[in-house]
Amino acid sequence: MAAHGHADSPVKFQYEDIDQQNDTYVIGMWAFMVTEIMFFGGLFLIYTLYRMNYQGDWWKAHEHLSWQMGGINTLNLLVSSMLMALAVRSAQLKERMKVIGLLSMVVGCGALFMIIKYFEYSSKIADRLYPGPNFTLDPTVLHGANLDHAQLFYGLYFGMTGLHGVHVVVGMILISMLIKFWWQRKKVVTEDYIPTELIGLYWHFVDIVWIFLYPLFYLMPKPYSVIGGH
Amino acid sequence: MSTTVKTPISTDDAAHPPKLNYLTNGHSLRSWLLTEDHKRIAILYLISVSFFFMLGGAFAGMIRWELTSPAGNFLESDTYNRVFTAHGAIMVFLFLLVAVPAVLGNFLVPLMIGARDLAFPRINLLSWYLYTAAGTLILISVVSGGVDAGWTFYTPYSSLYSNSNVSLCLVGVFLGGFSSITTGVNFIATVHRMRAPGMTWFRLPLFVWANYATGIIMMLGTPVVAITLLCVIFERTFQLPIFSPELGGDPILFQHMFWFYSHPAVYIMVLPSFGVISEVISAFSRKRVFGYHFVAFSSLAIAFLGFLVWGHHMFVSSQSMYQGVAFSLITFLLAVPSAIKIFNWTATMAKGNIHLNSPMIYAIGFMGLFLIGGLTGLFLAAMGLDVHLTATYFIVAHFHYVMVGGTVMGFMAGLHFWWPKMTGRLFNDNIAKWNAVVVFLGFNLTFFPQFISGWMGMPRRYHYYYFAPEYQIYNILSTMGATVLGVGFVVPVIYLIKSLFTGEKSGDNPWGAHGLEWQTTSPPPTENFYYSPIVTDDVYDYDPVAEHEASRELGARGH
Amino acid sequence: MAKSPLHAAEDHGHHVQPTSMYIKTAVILAVFMGLTILAAQVDFGDIVTGGRNHQLGYYINNLVAVGIAAFKAFIVVMFFMHLKWASSTAKVWALMGFFFLPVLFSVFCDYGTRSHEVVNGWIPGQTETALPRVIGSKDQEHLDPKFANEQNRNPKSNLY
């Protein structure tokens with residue numbers, strides 16, 4: 001077991017052994033995940049309130065979203081999550097080239113996600129669906145939704161998926177740094193798999209947020225007011 | 001004393017010159033600004049926090065000066081709005097939320113549990129940098145024109161109509177929130193995994209329990225206000241409508257989300273001070289804290305229950321009356337754990353061997369002032385009464401009693417109690433004792449008249465009250481008190497800094513207190529202990545022999 | 001080194017899961033994603049209540065969607081994020097996050113009970129629910145004061 005206090009051992013001086021250190025890092029990371037859950041949770045609260053009250057208008061406004069593109073993105077993140085978990089596994093086994101390969105594929109998935117997102121956003125903006133003074137007045141684009149409530153919908157759409165996108169980009173940057181460290185055989189990643197695991201936890205969290213965002217924005221069920229026709 | 005730590009070198013021993021302690025281990029600016037040592041980070045926090053406290057105090061001075069005359073001639077309405085917002089934002093976000101946990105908590109939690117450092121030292125440093133960035137942005141927003149939305153930033157004014165530097169200030173508050181979150185994560189992980197062998201949960205000093213409960217609140221509550229304020233920034237900067245009433249959004253939702261954090265936030269402010277008081281009262285009564293388990297669990301109870309009462313800030317906001325009833329009931333319930341603490345501290349002091357040193361005077365002052373603040377909180381928890389008292393000076397007086405009479409007194413008590421440990425020097429306790437009395441008297445003169453003027457109906461956040469000149473006498477008393485209080489806060493800066501240069505060396509345990517932090521040198525070495533401590537005794541295990549010796553030691557120093 | 005990397009890793013006290021486990025987990029996630037797409041097309045109002053109560057059907061649909069998403073999240077947390085093999089402290093903190101979010105959602109007790117609060121209406125002698133009305137809005141012009149209870153609400157908002 002690596003002794004503590006030693007300059008190039010992976011065990012930091014405040015820890016007794018590697019197990020205590022890794023255990024503490026995992027607890028710390030989960031504690032951080034809890035804060036991220038509460039962070040996104042606030043947005044889900046706002047979403048739920050407005051959706052409950054403007055069911056019909058929100059359903060109509062959401063028709064412009066492409067569930068197919070969202071679905072591809074969901075599969076994309078799912079696959080990238082699997083690849084990330086496999087990368088962590090290879091890190092545990094110290095299989096350097098596999099780690100680099102898998103992590104690169106994860107970054108690739110992330111890039112694909114952002115590209116599809118770019119197409120989605122540009123189609124919305126081209127149809128003047130970005131809230132503000134330029135918001136479209138065209139009822140066919142809005143599928144008959146009330147203008148104001150549709151603006152709220154798109155406000156939350158851009159806000160929530162945008163914030164998620166920021167997290168995806170941050171994740172891609174972190175994974176790229178990880179790839180760089182593995183490539184350069186830096187001790188911090190080669191001696192112990194925990195740094196890879198922690199960034200993996202972050203990436204899985206990004207996946208989980210999208211797992212909730214997808215059905216809520218893209219797969220809205222038809223509300224009774226639309227079915228009933230009033 | 002009680003544990004098996006052997007401290008080979010005491011700073012009193014002239015034959016063995018002291019080894020490097022955390023203060024002398026590296027003199028360059030880089031060694032301070034890139035430190036990973038929790039003790040140095042605590043000192044960095046102390047410097048920043050003191051600066052912002054003085055700044056917030058200066059704004060308070062402007063408010064009190066303005067309110068001495070009913071016509072309010074010193075400042076215009078708009079300027080006054082910016083002044084009280086600055087006072088509130090700086091004091092809440094840059095002082096109260098940070099002072100005790102980030103200064104005393106950072107310094108002492110590893111020492112008290114026998115660890116060599118916190119779990120994540122670099123994240124700790126990041127926390128300080130986030131705090132400094134937050135402070136800088138808020139300062140810039142205040143100096144470059146100010147913010148006039150109140151520290152509570154209610155929508156739709158803050159999101160749609162205000163022309164002031166709201167977004168800049170909110171980015172600063174957002175960063176400050178992340179500073180808080182990282183501190184909380186650090187404390188939680190440290191207390192879970194880095195206790196020394198033998199340091200079981202129920203041997204932890206109550207200060208550690210308090211900081212653990214605070215860490216829980218920081219982690220669960222702060223992200224909610226972070227996203228709320230981010231939504232306001234989205235509305236102002238990116239035109240994303242979220243709370244906009246014209247489009248069918250609900251501005252009261254902002255209030256719900258804001259207070260969902262800001263009520264637990266006041267427990268972030270006060271719980272660590274509770275922890276300090278437990279330590280101080282125990283040490284200066286030479287008795288174990290009465291009902292240790294009750295006090296420990298009451299910290300956790302306050303942390304959890306504190307999340308269920310946010311609506312008591314919103315009784316008149318058009319929230320449902322039924323919801324108001326529920327919040328009112330739970331708020332009354334929440335007074336119980338706080339009361340448990342007060343009872344237990346009083347019982348600790350009973351038949352104890354009381355030494356009235358300055359930390360103890362601050363602690364006793366805390367108990368009285370927090371009691372008044374807490375009880376007036378119960379007045380406000382009653383919905384019917386709150387309708388009359390809300391937005392008056394009664395509320396202002398209530399929260400200053402708990403925040404200043406509570407948190408700040410706790411901070412002063414802790415600062416004085418652990419100053420010898422942090423710096424290795426003793427300050428002049430005689431001046432400190434008298435200063436504590438001055439702070440107590442000044443505080444009461446400042447804020448007690450505000451209860452009366454508030455009860456009579458004086459509204460808060462108004463810079464004039466010419467329609468009711470009968471309030472003037474209370475405002476003048478309040479301003480007089482504020483002057484005394486201001487002196488009371490400036491004097492410690494002088495004698496504490498003076499002690500750094502001319503104070504006598506303190507020795508490892510000048511107060512004769514029990515606790516792992518007193519088993520190491522003053523100031524401690526960078527790695528906190530020379531040997532890994534193994535804890536075999538119970539917490540607060542004051543025994544008569546040691547107590548007698550400590551009394552002798554204190555007596556010899558002339559205390 | 002005499003031991004294979006797998007055994008060396010096992011020595012360190014953490015399990016290395018077989019690749020097949022990760023692939024199986026991903027497949028389950030994909031299947032549930034398909035399920036959630038299908039469930040969104042289904043009209044639960046018809047199936048469960050026989051077409052009588054579409055409001056209830058809508059709620060069931062949302063419950064199903066969130067339930068499937070929660071299950072998927074649970075799978076990701078347990079298997080991809082290795083919570084199954086983590087210490088109990090880590091498990092407590094992970095679950096704390098998911099259990100605490102509903103506390104935030106208790107805000108809905110406010111919105112849910114506003115319609116039940118009875119207050120004096122704008123027309124003397126009549127009572128209304130505690131949902132304020134917009135005075136002077138031209139959308140209100142057509143409203144007959146006789147029907148104050150039902151119609152004096154902001155047509156732009158269901159919240160107030």
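This note goes through the predicted model of chains A, B and C point by point.

1. Conventions. The model is predicted, so local features are reported at pLDDT of at least 70 and side-chain atom pairs at pLDDT 80 or more, while totals for chains, interfaces and linings use all residues. Residues are numbered from 1 along each chain as its sequence is written, and chains are lettered from A in the order in which they are written.

2. Confidence in chain B. The average pLDDT of chain B is 92, and 94% of the residues score at least 70; pLDDT is the predictor's confidence in each residue, from 0 to 100. Residues 6–11 of chain B fall below 50, yet this stretch has 20 contacts in the model beyond near neighbours in sequence. Two residues are in contact if their C-beta atoms, placed from the backbone, lie within 7 Å. Residues 13–17 of chain B also stay under 50, with one contact beyond four places in sequence. Where pLDDT is low, the predicted coordinates should not be read in detail.

3. Chain A. Eight helices and zero strands are assigned in chain A, giving the pattern α-α-α-α-α-α-α-α along the sequence. Helices (H or I, at least four residues) and strands (E, at least two) are DSSP runs, numbered from the N terminus. The C-alpha trace of chain A spans about 70 × 30 × 30 Å along its principal axes. Of the 230 residues in chain A, 56% are buried. A residue is buried if 20 or more other C-beta atoms lie within 10 Å of its own, exposed if 12 or fewer, and partly exposed in between, with C-beta atoms placed from the backbone. Taking contacts in chain A between residues at least 6 apart in sequence, 72% join residues at least 24 apart.

4. Chain C. Seven helices and two strands are found in chain C, and the order along the sequence is α-α-α-α-α-α-β-β-α. Buried residues account for 24% of the 160 residues in chain C. For contacts in chain C between residues at least 6 apart in sequence, 33% link residues at least 24 apart.

5. The A–C interface. Here 45 residues of chain A are in contact with 50 residues of chain C. On the chain A side, the elements giving two or more residues are α1 (18–53), α3 (67–92), α7 (194–218) and α8 (224–228). The largest share of that side, 16 residues, comes from α1(A). By class, the chain A side has 29 nonpolar, nine polar and seven charged residues. Ala, Val, Leu, Ile, Met, Phe, Trp, Tyr, Cys and Pro count as nonpolar, Asp, Glu, Lys and Arg as charged, and the others, Gly among them, as polar.

6. The axes of α3(A) and helix α2 (residues 19–41) of chain C come within 10 Å and cross at roughly 165°. Axes are lines fitted to C-alpha atoms, for helices over the stretch in contact, and angles run from 0 to 180 degrees between N-to-C directions. The two helices, α3(A) and α2(C), are therefore roughly antiparallel, a term used for angles over 145 degrees. Residues making the contact include Gly71(A), Leu78(A), Met82(A) and Arg89(A) from α3(A), and Tyr22(C), Ala26(C), Met33(C) and Ile37(C) from α2(C). The residues of this contact between α3(A) and α2(C) divide into 13 nonpolar, three polar and one charged.

7. The B–C interface. In this interface, 15 residues of chain C are in contact with 14 residues of chain B. On the chain C side, α5 (88–104) and α6 (108–114) are the elements that give two or more residues. That side of chain C has eight nonpolar, three polar and four charged residues.

8. Cis peptide bonds in chain B. Thr155(B) and Pro156(B) are joined by a cis peptide bond, with omega about -5°. Pro156(B) lies in the loop between α5 (121–143) and α6 (157–161) of chain B. A cis bond also runs from Ser522(B) to Pro523(B), with omega near -10°. Pro523(B) is in the loop between α16 (472–502) and α17 (544–556) of chain B.

9. Positive phi in chain B. Arg286(B), a residue other than glycine, has a positive phi near 55° and sits in the loop between α9 (251–285) and α10 (292–305) of chain B. Arg286(B) counts as buried because it has 23 C-beta neighbours inside 10 Å. Ala391(B), also not a glycine, has a positive phi of about 60° and is found in the loop between α13 (383–389) and α14 (393–423) of chain B. Ala391(B) is partly exposed, with 14 other C-beta atoms within 10 Å.

How values were computed. Angles under 35 degrees count as roughly parallel, over 145 as roughly antiparallel, 65 to 115 as roughly perpendicular and the rest as oblique.
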